[in-house]
Amino acid sequence: MNGLLDYNIDELKDLLAGMGEKPFRAGQIMKWLSMGKPFEEMTDLSKELRRKLREGYSEGYARTVTVAQSVDGTKKYLFEFEDGSTVESVFMQKNYGNTICVSTQVGCRMGCEFCASCAEGLKRNLSAGEILAQVTAVNADQGEGRNITNIVLMGMGEPFDNYDQVVKFLRLVNSEAGLHIGMRNISLSTCGLTERIRQFAGENLPVTLSISLHAASDGKRVKIMPSAKQYKIADILDAANGYFLATGRRIIIEYAVIDGFNDGREDVLLLKEALQGMNCHINLIPLNQNDGLALKAPEKRRVYAFCDMLAEEGLSATVRKSMGSDIAGACGQLRQQHLDGGNIK
């Protein structure tokens, strides 16, 4: 059954026209959907229209299977869709607002060595409505009204590997008839699919683009990121700079600090050379330990020493505060969960 969260305002108007309904009903329905309400509670719609909707469509919501809460207040949600597929999303309360990290795919095929989401490969893409369903569910869980202020597309999956649905999701979540979250409050992370970065620059969607770089030489990067065989650093950064020129949005360079691998003086100098003349900021992410992964998490002092070395070379850099690591909700720790006798494993 088709979920209405997948429909934009024009598609809803066309659907309603086929039912003999006025176009303004589309805006009413989108507003209710953004609040996570079932058809029965869409009280400004007629009973007859609600019946038609209920018989022909679903709202498109995700089922919340479990919610785990960290000592720092972070919440990790396990969601299930109609076909039984599951993904995780993370809600974080930060000083600049309430942020949700959403998944764009069930699993991931990029194969990055430091990311648990790749452990079982890619199962399938999520639809725009399924991505939106994560936002609406978490938003509703925080109470009435719009509670989510920021979105990061940094959960399970590579957003640009699901390009069309991710672009549609961005327009849906930005719609004035829905949650109307501003593009400048949204960040999208990619491991560097250059053709998609260049295409995205022409979409007029000025979100913050984050490049998952994690190493400053192609030889070192390919050891932890299989996609580096196809996408070279120079090409990725050239595409990212084109995005900056098109949107005016400073590029974020994501750099997972891995003990003894990419945290030396040589790495600082390579980064300085690669990023020369680029309007960007380096976001250092201390590797979060994952079961079964051989890479070693660094000591805190080593990460800050690396940050200091970058600053000495004139590079803008900060260390990202890790949130939710005690519930496996931090960067790189999300993966598809399975139910075994009612227990998550």
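Mentor: The side chain of aspartate 6 reaches the backbone nitrogen of glycine 129 at 2.5 Å, a polar contact being a pair of N or O atoms within 3.5 Å, where, within protein, one must be able to donate a hydrogen and the other to accept it, and residues adjacent in sequence count only if both atoms are side-chain atoms. This is a predicted model, in which local features need pLDDT of at least 70 and side-chain atom pairs count only at pLDDT 80 or more, while totals for chains, interfaces and linings use all residues. Residues are numbered from 1 along each chain as its sequence is written, and side-chain values use heavy atoms, with hydrogens and water left out.

Because its relative accessibility is 23%, aspartate 6 counts as partly exposed, the class between buried (under 20% relative accessible area) and exposed (over 50%), computed with a 1.4 Å probe on protein chains only.

If we set aside the neighbours within four places in sequence, aspartate 6 is in contact with Glu11, Ser127, Ala128, Gly129, Glu130, Gln165, Lys168 and Leu172, where contact means heavy atoms within 4.5 Å. By contrast, aspartate 267 lies 261 residues from aspartate 6 along the chain, and the C-alpha atoms of the two are separated by 44 Å.
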